[in-house]
Amino acid sequence: MEIRRLAINNYGEMVRLWIKTKLPFKPEGRDSREAIATQMKANPEFFLGALEDNRLVGSVIISSDSRKGWINRLVVDPGFRRRGVAKALIAGSEKVLRRHGIRIFCVLIEDYNTVSKKLFKECNYVEGRDVIYFSKRDSNEV
Ligand SMILES: CC(C)(COP(=O)(O)OP(=O)(O)OC[C@H]1O[C@@H](n2cnc3c(N)ncnc32)[C@H](O)[C@@H]1OP(=O)(O)O)[C@@H](O)C(=O)NCCC(=O)NCCS
């Protein structure tokens, strides 16, 4: 298995993986091909894929607010789970963020997602229970 940077020609495969795993995404908004191409141009290192025999079996989108680094949309093909693919994508994300000077790595996990919570604890992330996520959106597509 190889962890490597994804480019816009991987867009179709990435979307297929999101659809297969029922990961919500916004095809008309921030996840459209054009929007992803713009994000990739701004931060070419921030889209990572796990490839097995040239097939995309996992992916992650990294982001940085320049103070903290964020791990988003981590997903692994159900046929390739429990093989350390997610762990490798998390380690790869941290490596990219460290290159950008980031030393705090964060993830938002829905409370019901016990698998993901266990995964991040395994990777030495510390759960913060005293924070409630607030957000404001200009539209449902963003
Ligand atoms: C969460 C997810 C990315 C994990 O991917 P994965 O490649 O199977 O994870 P790993 O093989 O790297 O697992 C590492 C550790 O996490 C924990 N873990 C992972 N899957 C688990 C499961 N189904 N049940 C219990 N623990 C689990 C284990 O501690 C595991 O170590 P082990 O296999 O040695 O016991 C994958 O299940 C997934 O895509 N889920 C749907 C999308 C999602 O919830 N993404 C997270 C958004 S925050």
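A residue counts as buried when its relative accessible area is under 20%, as exposed when that area is over 50%, and as partly exposed in between (1.4 Å probe, protein chains only). Asp77 is buried by this rule, at 4% relative accessibility.

Welcome to this structure, which is a predicted model: local features need pLDDT of at least 70 and side-chain atom pairs count only at pLDDT 80 or more, while totals for chains, interfaces and linings use all residues. Residues are numbered from 1 along each chain as its sequence is written, and side-chain values use heavy atoms, with hydrogens and water left out.

Let us turn to the salt bridges. The structure holds 11 of them, a salt bridge being a side-chain nitrogen of Lys or Arg within 4 Å of a carboxyl oxygen of Asp or Glu. Here are some, including the pair with Asp77.

| Pair | Closest N and O atoms |
|---|---|
| Lys20 and Asp77 | 2.9 Å |
| Glu94 and Arg98 | 3.8 Å |
| Asp111 and Lys117 | 2.9 Å |

Asp111 and Lys117 belong to one network, in which salt bridges that share partners also join Lys121, Glu127 and Arg129. Lys117 is buried, at 18% relative accessibility.

Helices (H or I, at least four residues) and strands (E, at least two) are DSSP runs, numbered from the N terminus. Lys20 is partly exposed, with a relative accessible area of 46%.

Glu94 and Arg98 are both in helix α3, 4 residues apart, and about one helical turn separates them. Glu94 is buried at 13% relative accessibility, whereas Arg98 is partly exposed at 41%.
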